[in-house]
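Try each task yourself before you read its solution.

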Amino acid sequence: MDKQKIYILNPDYKFKNDEDRVVMYSQANVRNDSEKEWLGFVHPYQALLLGLFTNESTFEEHCKEISTYFNMPLLQVEDMMVQYVENKDSIYNKNEGTFVTFPKNVLIPFEGQLPDYDFCQDDLMCETVDINPDRMHKAPHSALFMLNNHCLTDCLYCYADKRTKCDELTTEEIFDIIDNAKRLKMAKIDVIGGELFIKKDWDNILERLVSYNMSPSFISTKVPVTEDIIEKLKRTRYNNVIQISLDSMDENILKQLIHCPNGYLDRLLAGIELLQENGFKIQFDTILTNLNSSEEDLTALYNYIKTINGLVYWEIRVPEISIYRSESFKKVVYDKAEIQKSCIFAKSIKEKANINILVSDEILASSHFDTSPGEKCFNHGICGILNDQIFILPDGKVGVCEQLYWKPEYLIGDLRKQSIEEIWNSPKAKAVLNMRYGMDETSNCHGCKVVELCSKTHRRCPVRVIKAYGEAHWDYPDPHCTRAPKQLNSEFIL
């Protein structure tokens, strides 16, 4: 390595202060062979050292500066810093007993123009230090923003709460929330519905996000894309993925399954053609039900999807019943053995295909009462509520999960009255996080010796609890726990 060469901090990687540590992160769009959507916690001193590489000093000059400031031998400093120069793989360091991970390609060659870094050395200073990889301390890292709960279709398998009527935020109020998120250096805001493309001013909202480099990872829609939508998308400069929900190549099946109008499939396919012509990346989402899971159905979908230009992937999913719409779900509910056959067939297509296919059938392997309270996590995984993301509802209320919507027990604030930072650190948010809000003494969690462990490790999933025991018992243990009541609500169990 040439020590006289100028290396700079890869501008794809950003720093933000998280009270007693520094968050190193990247966003969905990267340019310099970087890790997409990276997130890690680093010691303030580590951030300060890397933060020096934001000017036109040589590698050797930077190392001399570090050597003088920290009173360290120059060769030791060079050995320490060279590992970050065009590193091809992640770097693992141990700092104060905690492993700290850095992404690939941290320091890159200077190519004639310095980027606009959005931090200064003072931003990286912390009075105390805690680099344990836990919940974001200052504010969420991202948001899932449900802009409306209105749809073009009425899908029988839908899990959304479409019953609740609300006073939707105005465009200006949405802009204020986005500006608040930008000041907090949140990495992104994913926007969902309902349907984004039938939201008033959707293009202006998306344009604001793109201009702040907080663009959604993808936009999911069942709306047939038109020339008008294409022109608005191009004006926003959005260049991430468009996800198309496509459950069948047979419109008669779609009419039963999603209640689409006549001619819907032709318009949807024409819209996909427009997306391809304009260079958009596309992915597909298919929900398996008793109406569309035959080998013939899946083969027809595959034969179409494999022809798509700019295809990212095709995901085939087994749905879970909704808390809100169990009656409609019952109309398309499947026999477990039959849906397993469908998934096996889908996986056989995947093995032979030259496209990326994901088969998400984890729910079929779900079991209950199989994990003791002392084990680190339940066999069905952890729950990510209030770890690094908030869920914003159309009226500005803030919840903790996309499937809990306006459930009062899980509403933690109101963005018409509070800032994102205030809500994230509110007493209600901390109570929900620590499983302490409104828990009834009849719950088996009440008084359990390991309830703190469940809280700390995010073992208990409130959505699973409500599906298993009903809304009245939202404070019961996770059904995977051996202490959970054995009388499950069969309506919610696969």
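**Exercise 1: a hairpin**

Task: Find the residue with a positive phi in the hairpin of β2 and β3.

Solution: In this hairpin, four residues lie between the strands, and Glu19 takes a positive phi near 75°. Now look at the strands themselves (DSSP runs of E, at least two residues, numbered from the N terminus). Strand β2 covers residues 14–17 and β3 residues 22–25; they pair in the antiparallel sense over four bridges (pairing takes at least two DSSP bridges). Across from Phe15 you'll find Met24 in β3.

A word on the model: it's predicted, so local features need pLDDT of at least 70 and side-chain atom pairs pLDDT 80 or more, while totals for chains, interfaces and linings use all residues. Residues are numbered from 1 along each chain as its sequence is written, and side-chain values use heavy atoms, leaving out hydrogens and water.

**Exercise 2: aromatic pairs**

Task: Work out which parts the pair of Tyr7 and Phe59 ties together.

Solution: Start with the count: the structure holds 14 aromatic pairs (ring centres of Phe, Tyr or Trp, the latter by its six-membered ring, within 6.5 Å; planes under 30 degrees apart are stacked, over 60 edge-to-face, the rest tilted). Tyr7 and Phe59 pair edge-to-face, at 6.4 Å centre to centre with 85° between the planes. Tyr7 lies in strand β1 (residues 7–9) and Phe59 in helix α2 (residues 59–70), so the pair ties together parts 52 residues apart in sequence (a helix is a DSSP run of H or I, at least four residues). Next, Phe53 and Phe59 form a tilted pair, with 6.3 Å between centres and 40° between planes.
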